[in-house]
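Here is a short briefing to read alongside the model.

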Amino acid sequence: MTKENDQHEAFDYIAITRVQARYADVVNRRAWAELEELFTPDAMVRVDTVTNPVHEFVGPEALGAFIGGAIERFDFFEFVILNTVVDVGLGGDPDAARGRVFMCELRREAESGRFTTAFGVYLDTYRRADGRWRFAHRNYQSLARSGRAEVFAFPHHLVGGANDKELQ
């Protein structure tokens, strides 16, 4: 790899991690309209909390409505990125990338005052269009939750699987 390629990859990595950070910021501020800037219009989002049926959404508006409804019972809600991995140039396409985002949610239920924590992982596919990186596919799965002390298996079956279909 040349120095120029290394620089392009570094710029892309920074741009994608900025998209991830903006997502966290939008969720924390509950600024759902701003999701439009971060997702392709036809982005598929799959949410598996393990203990409830899987939800699938197309587009940022549907996702914002779902998240907004899911977190309205919390008077404190903080989405925190714990670690992120990004691979740019997926399948030889310089405008495609894959990522994993490990995260937690710190939250307080307004009615009971009870604090809980949830941990999960996003398996993402990103697309660059018009010079901007956006989420093209997000696949979320819960990993653990406090309260009932639930721990769930890592979704190994999804790594290198479902997100690859988005690139074909």
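A residue counts as buried when its relative accessible area is under 20%. Y122, with a relative accessible area of 8%, is therefore buried. Please keep in mind that this is a predicted model.

**Aromatic pairs**
- The whole structure holds 12 aromatic pairs.
- Y23 and F79 make an edge-to-face pair, because their ring centres are 5.5 Å apart and their planes stand at 80°.
- Since Y23 belongs to helix α1 and F79 to strand β3, this pair ties together parts that are 56 residues apart in sequence.
- Both Y23 and F79 are buried.
- Y122 and Y140 form a tilted pair, as their ring centres are 4.9 Å apart and their planes are at 50°.
- With Y122 in strand β5 and Y140 in strand β6, the pair links parts that are 18 residues apart in sequence.
- Y140 is buried too, at a relative accessible area of 7%.

**Cluster and charge**
- One aromatic cluster is formed by Y23, F39, F79, Y122, Y126, F135 and Y140.
- R138 places its charged end over the ring of Y122, 3.7 Å from the centre, and also over the ring of Y23, 4.5 Å from the centre.

**Largest pocket**
- Elements that give two or more residues to the lining include α1, β1 and β3, while α2 gives the most, with five residues.
- By type, the lining has 16 nonpolar, eight polar and 10 charged residues.

Key:
Residues are numbered from 1 along each chain as its sequence is written. This is a predicted model: local features need pLDDT of at least 70, side-chain atom pairs count only at pLDDT 80 or more; totals for chains, interfaces and linings use all residues. Side-chain values use heavy atoms; hydrogens and water are left out. Helices (H or I, at least four residues) and strands (E, at least two) are DSSP runs, numbered from the N terminus. Ala, Val, Leu, Ile, Met, Phe, Trp, Tyr, Cys and Pro count as nonpolar, Asp, Glu, Lys and Arg as charged, and the others, Gly among them, as polar. Rings of Phe, Tyr and Trp (its six-membered ring) pair if their centres lie within 6.5 Å; planes under 30 degrees apart count as stacked, over 60 as edge-to-face and the rest as tilted. Buried means under 20% relative accessible area, exposed over 50%, partly exposed in between (1.4 Å probe, protein chains only). A charge sits over a ring if NZ of Lys or CZ of Arg is within 6 Å of the ring centre and within 35 degrees of the ring normal.
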